[in-house]
Amino acid sequence: MSAPRADLSGWSAAPFNGGGYTHDVYRKGAGPGVLLIPEIPGIHPCVLALGNHLVDNGFTVAIPSLFGQPGKPSTLGYALATLARACVTREFAGFATNKQRPVSVFLRALARDLDASTPGKGIGVIGQCFTGGFALAAAVDPSVLAPVISQPTIPVALGSTRRRNPGLTEAELTTVADRCANDGLCAIGLRFSEDKMSPADRFVTLKERLGDAFEVIEIDSSPGNEGGFRKTAHSVLTDEVREVDGHPAYEARKRIVEFLTQRLT
């Protein structure tokens, strides 16, 4: 059995400008809004399947095309080439710590637009891989009520300082922590236990700053794990999902849908 996949059928695309940047945004569904930020290399078939799953569960989903070719299947070469370009682009600042990433301003503007055009009391944001930390940076804006940080990989985990860094500025993290303490904001983080690209130290930092408002889902990927995951397992909500009850990544995806439903409806 393989991970669920889908194509662009039923998705409508339109350009959106925010923070001085313009990207096409793919939308589908009805109900409260969920901003689904794609992982490297872009809006590939497993990301679209996750979007369809959220639509089927009653959400309006918006996927910004930040890099890559929408609908193109992911391959190792395609992913590495996309990652190399994204890491050095000023919009993403893949190696920087405590630096305002322009993409976060774009995403906050998109979050406000999605909130204004959908029912419910706010929106959810899911960031994955290269964009994992962007979900928390988006939660600086009051429109975001349910950020999900899945296997965050930037800043690239070279050295202990970057491994501990949560991928947003100190000012942004302080604002999010204040929202958690005073406004009831909650967040979920997901990763595989042996994932070196998304180090455990990053979630330790977030747990220290956000406390009980930050729920951690860590899936065992050590040798002999019950889910049969490879040590290199990475994409919790897309590539590693098998739609079988009890499968750890499938159960994690169920928890995310439950979290979004509780927070937004």
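A polar contact is a pair of N or O atoms within 3.5 Å; within protein, one must be able to donate a hydrogen and the other to accept it, and residues adjacent in sequence count only if both atoms are side-chain atoms. The model is predicted: local features need pLDDT of at least 70, side-chain atom pairs count only at pLDDT 80 or more, and totals for chains, interfaces and linings use all residues. Residues are numbered from 1 along each chain as its sequence is written, and side-chain values use heavy atoms, with hydrogens and water left out.

Start with the whole chain. It has eight helices and eight strands. These are DSSP runs, numbered from the N terminus: helices are H or I with at least four residues, strands are E with at least two. The C-alpha atoms fill a box of roughly 45 × 40 × 35 Å along the principal axes. With 265 residues, a compact globule would have a radius of gyration near 18 Å; the chain has 17 Å, which agrees. That radius is taken over C-alpha atoms, and the globule rule is 2.2 Å times the number of residues to the power 0.38.

Buried residues make up 55% of the 265 residues. Buried means under 20% relative accessible area, exposed over 50%, and partly exposed in between, with a 1.4 Å probe and protein chains only. The chain exposes about 10,500 Å², and carbon and sulfur atoms supply 52% of it. Accessible areas come from the Shrake-Rupley method with a 1.4 Å probe; for residues, only the protein chains shown count as cover.

Contacts come next. Contact means heavy atoms within 4.5 Å. Among contacts with a separation of 6 or more, residues 24 or more positions apart account for 73%.

The chain has 27 positive and 27 negative side chains, and the centres of the two sets lie 6 Å apart. Lys and Arg count as positive and Asp and Glu as negative; His and the chain ends are not counted. The place of a charge is NZ of Lys, CZ of Arg, CG of Asp or CD of Glu.

Now go to Ile37. It lies in the loop between β3 (33-36) and α1 (45-56). Ile37 counts as buried because its relative accessibility is 0%. Its contacts beyond four places in sequence include Pro64, Leu66, Leu107, Val125 and Phe134. Leu107 is 70 residues away along the chain, yet the two C-alpha atoms are separated by 8.9 Å.

Gln128 is another partner of Ile37. Gln128 sits in strand β5. Its relative accessible area is 0%, so Gln128 is buried. The side chain of Gln128 reaches the backbone oxygen of Ile37 at 3.2 Å. Gln128 also touches residues including Glu39, Val47, Ser150, Gln151 and Thr238.

Most residues other than glycine have a negative phi, and most peptide bonds are trans. Cys129 has a positive phi of about 60 degrees although it is not a glycine. Cys129 is in the loop between β5 (123-128) and α4 (132-138), and counts as buried because its relative accessibility is 9%. Gln151 has a positive phi near 35 degrees. Gln151 is in the loop between β6 and α5; its relative accessible area is 0%, so Gln151 is buried. The peptide bond from Ile40 to Pro41 is cis, with omega near 10 degrees. Pro41 is in the loop between β3 and α1.

Return to Thr153. It is in the loop between β6 (144-150) and α5 (160-164). A relative accessible area of 11% is why Thr153 is buried. Beyond four places in sequence, Thr153 is in contact with Cys129, Phe130, Met197, Ser198, Arg202 and His234.

Phe67 lies between β4 (60-64) and α2 (76-87). At 9% relative accessible area, Phe67 is buried. Its C-alpha atom is separated by 8.2 Å from that of Ile43, 24 residues apart along the chain. Ser193 is in the loop between β7 (187-192) and α7 (200-210). The side chain of Ser193 makes a polar contact with the side chain of Glu194, at 3.0 Å. Beyond four places in sequence, Ser193 is in contact with Glu218, Ile219, Asp220, Ser221 and Ser222. The C-alpha atoms of Ser193 and Pro41 are separated by 22 Å.
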